[in-house]
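Here is a short briefing to read alongside the structure.

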Amino acid sequence: MKYKLLSEQVLKNVGGVENISHIEHCATRLRIHYKNKDKINEDAIKEIEGVVGTINKGDQIQVIIGPDVHVAYNDFLEVSKFNEVIVKEEVKSTEEKSEKKIMHYVNAVGNFSAAVFMPIVPALITGGLILVIRNLLINYFGVSMESGTAEVLTGIFTAAFMYIPVYLGYTTAKRLKMEPIMGALLGAFIVSPAISGVEGLDFLGIAIPTVDYGSSILPVIMGVFLMYYVDKLFTKILPEAIRYFLKPLLTMIVVAPITIIVLGPIGTQLSGAVANGIVWLMDTAGFIAMPILSALYPYMVMLGIDKAITPIGFQSVATLGYDPITVVMGFISNLSVGATALAVAFAMKKDKGKRGVTASAAITGICGVTEPAFYGALVMRPKVLIGTAAGAVSAGLIAGIFGLKSYVMGFCPGILTILFFLNPDGTMTNLIVALVVGIVAVVVAFTVTTIIIKKDKTLVVEQ
């Protein structure tokens, strides 16, 4: 167990398992929801070997681990023996007492989005890259679109994206502390060939609007929220002896028709409005908006707001066929953060050990995971973040002017996901723009940071 000692020490300093209400993780952070803030020893957690940093906000301590966080998550679950079912009712009473300020709701949306979307990231990255490989083979290596190879690759891509409602149904239900399989069942129902895109359907004489649910986001999430309240109602009124069999049956009988008659069409309309809003924003102010958003993105990540806007990216790809905002600004920001950390590492000429650690974090940042670089090398040197902003603004301006788009919705955008910018029609223009944007972000951030460090040598004090 790689993170056994770390897990034991973190558990001790969060007040033990009895102080935990929920555990989850995103790309780099172990997110532990607690009941009593007074029992959290954040300073001690920061000193634990393997912990890059911490963020404590709302009712959650985020322990930054790095790309191996999923391993740490599983080890922590095993060490803590955490049982979510037992604490379910306690969580409810604690949440009801929480102070409801604006940041509470921002954090709530961010935490919810992280819990719902992050578990499906590996499938989406795999599906996206498979699509890129398929397009490369067809457009540049003479592989026929009708060949078995292309069909197999298309099948993997379709499984990753077409059935997103199934995955989101599962993760949403899990986040709401319901039986996850019931959420997946609702997702499978709406995306099934008997429902999705079928015309002329009705239920008990009530007409069902025709909606294509493939790759949709909002309908299943709205449906699972409805399921949450229906589930609670039947839990309350059904006798325990028959609850196990009747509750899922009655829940689906109530939720499924409402989802496809009411919630699905509403979700589709909302999705269309979001897509239209994105197109309008990028058409009218993209060259201004993109540099600003790219410069702010590291702080969005720090505050968890990046998770709150994740659904916009998914919806854009589902409705427009591309994402002009979320992946693009993440790509620019991550490269800028990585290049800034790299400049810091280059300035560390005496302490080779520290230089190696910082350089490693910088490379990880350029590859798309910035927490080790941001928290391990930059936040304690606020002045060098000017270099990050300079790189992000310069590259963001180019991206905004040329309308850079990502044709795959993915996470941790960086140099390893550069092919997300390859247009499915095989044209190279967008990919070339992405390469130019990436080079500008790295060169400007590195150069400006180096100049700043040379003018203020106290930024890199070595023993």
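## A loop residue to start from

Ile-48 sits in the loop that joins H2 to strand E3 (53-57). This is a predicted model, and the notes below go from that loop to the helix beside it, then to the cores and the helix pairs.

- Is Ile-48 buried or exposed? Ile-48 has a relative accessible area of 6%, below the 20% cut-off, so it counts as buried.
- Leu-6 lies 42 residues away from Ile-48 along the chain, yet their C-alpha atoms are separated by 6.7 Å.

**Helix H1 and its surroundings**
- Which residues of helix H1 (residues 4-13) are buried? They are Leu-6, Ser-7, Val-10, Leu-11 and Asn-13.
- These buried residues of H1 pack against strand E1 (20-25), strand E2 (29-34), helix H2 (42-46), strand E4 (60-64) and helix H3 (69-80).
- Just after H1 comes Gly-15, with a positive phi of about 90°.

**H1 against H3**
- The axes of H1 and H3 are 9 Å apart, and the two helices pack at an angle of about 60°. H1 is therefore oblique to H3.
- The crossing of H1 with H3 is right-handed.
- On the H1 side, Lys-4, Ser-7, Glu-8, Val-10 and Leu-11 take part; they meet Ala-72, Asp-75, Phe-76, Val-79 and Ser-80 of H3.
- By class, the residues of this H1 and H3 contact are five nonpolar, two polar and three charged.

**Two loop residues with positive phi**
- As background, most residues other than glycine have a negative phi.
- Lys-81 is not a glycine, but has a positive phi of about 60°. Lys-81 is part of the loop between H3 and helix H4 (84-97).
- With a relative accessibility of 63%, over the 50% cut-off, Lys-81 counts as exposed.
- Leu-204 is not a glycine either, and its phi is positive at about 55°. Leu-204 belongs to the loop between strand E5 (202-203) and strand E6 (206-207).
- Leu-204 is exposed, at a relative accessible area of 77%.

**The nonpolar cores**
- How many residues does the largest nonpolar core have? That core has 88 residues, and Leu-168, Ile-332, Leu-378 and Phe-421 have the most contacts inside it.
- Helix H11 (residues 240-303) gives the most to this core, contributing 13 residues.
- Ile-332 touches Met-290, Ser-294, Gly-391, Ala-392, Ala-395, Gly-396, Ala-399, Val-437 and Ala-441, leaving out residues up to four places away in sequence.
- Another core, of 22 residues, lies apart from the largest one; among its members are Tyr-3, Val-14, Ile-23 and Val-51.

**Met-329 in helix H14**
- Met-329 is found in helix H14 (residues 326-347) and is buried, with a relative accessible area of 1%.
- Which residues does Met-329 contact, leaving aside neighbours within four places in sequence? They are Met-290, Leu-293, Ser-294, Tyr-297, Met-300 and Ile-309.
- The C-alpha atoms of Met-329 and Phe-346 are separated by 26 Å, with the two residues 17 places apart along the chain.

**H14 against H17**
- H14 packs with helix H17 (residues 385-402) at an angle of about 145°, and their axes are 8 Å apart.
- H14 and H17 make a right-handed crossing.
- In H14, the residues that meet H17 are Val-328, Ile-332, Ser-336, Val-337 and Thr-340. Their counterparts in H17 are Gly-387, Thr-388, Gly-391, Ala-392, Ala-395, Gly-396 and Ala-399.
- This H14 and H17 contact has six nonpolar, six polar and no charged residues.

**H9 against H10**
- Helix H9 (residues 180-191) and helix H10 (residues 218-237) have axes that come within 10 Å and cross at roughly 135°. H9 and H10 are therefore oblique to each other, and their crossing is right-handed.

Conventions: Residues numbered from 1 in each chain as written. Predicted model: local features only at pLDDT ≥ 70, side-chain atom pairs only at ≥ 80, totals over all residues. Heavy atoms only, no water. Axes fitted to C-alpha atoms, helices over the stretch in contact; angles between N-to-C directions. Helix = DSSP H or I, 4+ residues; strand = E, 2+ residues; numbered from the N terminus. Parallel < 35°, antiparallel > 145°, perpendicular 65-115°, else oblique. Left-handed = near helix turned anticlockwise from the far one by under 90°. Core = buried A, V, L, I, M, F, W, Y, C linked by side-chain atoms within 4.5 Å. Buried < 20%, exposed > 50% of the residue type's maximum accessible area, 1.4 Å probe, protein only. Contact = heavy atoms within 4.5 Å. Nonpolar A, V, L, I, M, F, W, Y, C, P; charged D, E, K, R; others polar.
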